[in-house]
Amino acid sequence: MSDIVFYDTRTRSKQPFAPLEPDCVRMYTCGPTVYGPQHIGNLRSQLFPDLLRRFLEREGFAVRHVVNITDVGHLTDDADDGDDKMEMAAARAGRSAEEIAAHWTEHWRQNREAVNCRPPDVLCKATEHIPEQIELARTLEKGGHTYRLPDGIYFDVSTFPRYAELAHLDLEGQAGGHRIDEVAGKRHPADFALWKFAAEGVKRQQEWDSPWGRGFPGWHLECTAMSSRYLGETFDIHTGGIDLATVHHTNEVAQAECATGVHPWVQFWMHNEFLDFQGVKMSKSLGNVLTLDDLVAGGLPPLAFRYFFLQAHYRQQQTFTDEAIQAAATGHRRLCAAAAPLRDAKGVPDPERVAPYRDRFRAALCDDLNAPRALAVAWEVVRAEELTPADRYALIEDFDTVLGLDLLAEPEATPVETDPRIDALVAAREEARARKDFAEADRLRDQLAAEGIAVEDTPNGPRWRRT
Ligand SMILES: [Zn+2]
């Protein structure tokens, strides 16, 4: 029996983990809706599965990680009404939905890379899997799980007795209630669209033919269709933010289990908690979305955010404040500084001396991925006097395969050349820019260029080099 235990949302308990297929873990993560920048709360939902993946790989498993890109079908009210987020963003920007999706997908990918998330094995787009989604909806229709309304084909939750299981929903309570924005004709408020028809007289950018009429897939359909395509009828782990459990993931389960009869569809449902912004909800419509780019523009290295993430357990709400992220940046910098001299460590590590540290680090992660405890062991290592530099090097190098903090990376090369006169010109250009005197800033840049000096703006301020 495995000594790895993970908390599973469906059973509300920690369960020993072993993959269905020996040595290989198949996992799926809900990715972004690519109509705008992802905020740092969304980034937590990517850092968590990355930590999980890195840990499982350190345990010797091969991990097949699939992440989706929602580039169609996500409506503004997260249910079956409202406008399509992609179409709206495209209309606002005067560009095609495809261009918007490509732009924000790349932005999201770069953000992930900046915080050292390993790339997924499969990154799949909803718009490139329309036939699979139609096929899944047809299977559900044949099984008697659907009904038709004027605006689309709906899933009938009363045909799936386990519907409430994943999120422990009170369906009877819901049935008594009633939302103002409810789609007319739904048999139960939890019923959801599998396929939406394009509204009459409205030409959408994104619409496809289907057996039921021209339209587009419901948001939930893509994740079930694509996870089955790449991971099979059943797989080990499905991750996502906790906010997805009650509707999106519940609907994914209903679609999958009704289509195949397999139960449970997913062995482990692992959900990360929110980032809390001191009670303020971050939303694009409120215009208070904080992104990784904002942190970097404020002078923080991206990995400060990864360090911050590791300071809380993934199932804890974590409060984001300026002080907290600054403290994380300091913590990360100090840990790197303590680890840096180890790069020159000579000799070989002593297996007996390092074993207790390795065991404690592993035990922390085996216990439902307790990152704060694992990080504390890394701190113990850099301070432990009983360990030689070679011992410490071996341990930090090993731990960093999971922590992903670049603890032993070479510091950024500092310019070998210094020249007080050029430093002063660069500083003067910075000052001119700060007071928005762009003419003066440009004049100084041209002067520097004439002397063969190129200035680059970096998160740590401007750097210059000879061209
Ligand atoms: Zn999903």
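In this predicted model, M27 has I237 in strand 10 as its bridge partner, and the two strands concerned, strand 3 (residues 24-29) and strand 10 (residues 235-241), pair in the parallel sense over three bridges. Helices (H or I, at least four residues) and strands (E, at least two) are DSSP runs, numbered from the N terminus, and two strands pair if DSSP finds at least two bridges between them. Because the model is predicted, local features need pLDDT of at least 70 and side-chain atom pairs count only at pLDDT 80 or more, while totals for chains, interfaces and linings use all residues. Residues are numbered from 1 along each chain as its sequence is written, and side-chain values use heavy atoms, with hydrogens and water left out.

- An open sheet of five strands, with parallel pairing, has the order 5-4-3-10-11; its edge strands, which each pair on one side only, are strand 5 (122-125) and strand 11 (266-272).
- From one strand to the next the twist averages 20°, where angles run from 0 to 180 degrees between N-to-C directions and axes are lines fitted to C-alpha atoms, for helices over the stretch in contact.
- Helix 6 lies across strand 3, strand 4 (62-69), strand 5 and strand 10, and runs at about 150° to strand 4.

**The zinc site**
- The zinc ion has C30 (SG), C223 (SG) and H248 (NE2) as its protein donors, lying 2.0 to 2.2 Å from it; donors are N, O and S atoms within 2.8 Å of the metal (3.2 Å for Na, K and Ca), and sites may look incomplete because water is not among the atoms.
- Along the chain these donors follow the spacing C-x192-C-x24-H, and the pair of C223 in helix 6 (residues 219-231) and H248 in helix 7 (residues 245-260), 25 residues apart, links distant parts of the chain.
- Both C223 and H248 are buried, a term that means under 20% relative accessible area, with exposed over 50% and partly exposed in between (1.4 Å probe, protein chains only).

- H145, in the loop between helix 4 (130-142) and strand 6 (146-149), is buried, with a relative accessible area of 11%.
- Not counting residues up to four places away in sequence, H145 touches L140, Y154, F155, D156, T159 and C258, where contact means heavy atoms within 4.5 Å.

**E165**
- E165 is found in the loop between strand 7 and helix 5 (171-176), and is partly exposed, with a relative accessible area of 26%.
- E165 touches R10 and H263, not counting residues up to four places away in sequence, and its C-alpha atom is separated by 9.7 Å from that of T9, 156 residues apart along the chain.

**Helix 1 against helix 9**
- Helix 1 (residues 40-58) and helix 9 (residues 302-310) pack at an angle of about 70°, with their axes 10 Å apart.
- The two helices are therefore roughly perpendicular to each other, since angles under 35 degrees count as roughly parallel, over 145 as roughly antiparallel, 65 to 115 as roughly perpendicular and the rest as oblique.

**Overall**
- The protein has 15 helices and 15 strands, and of its 467 residues 51% count as buried.
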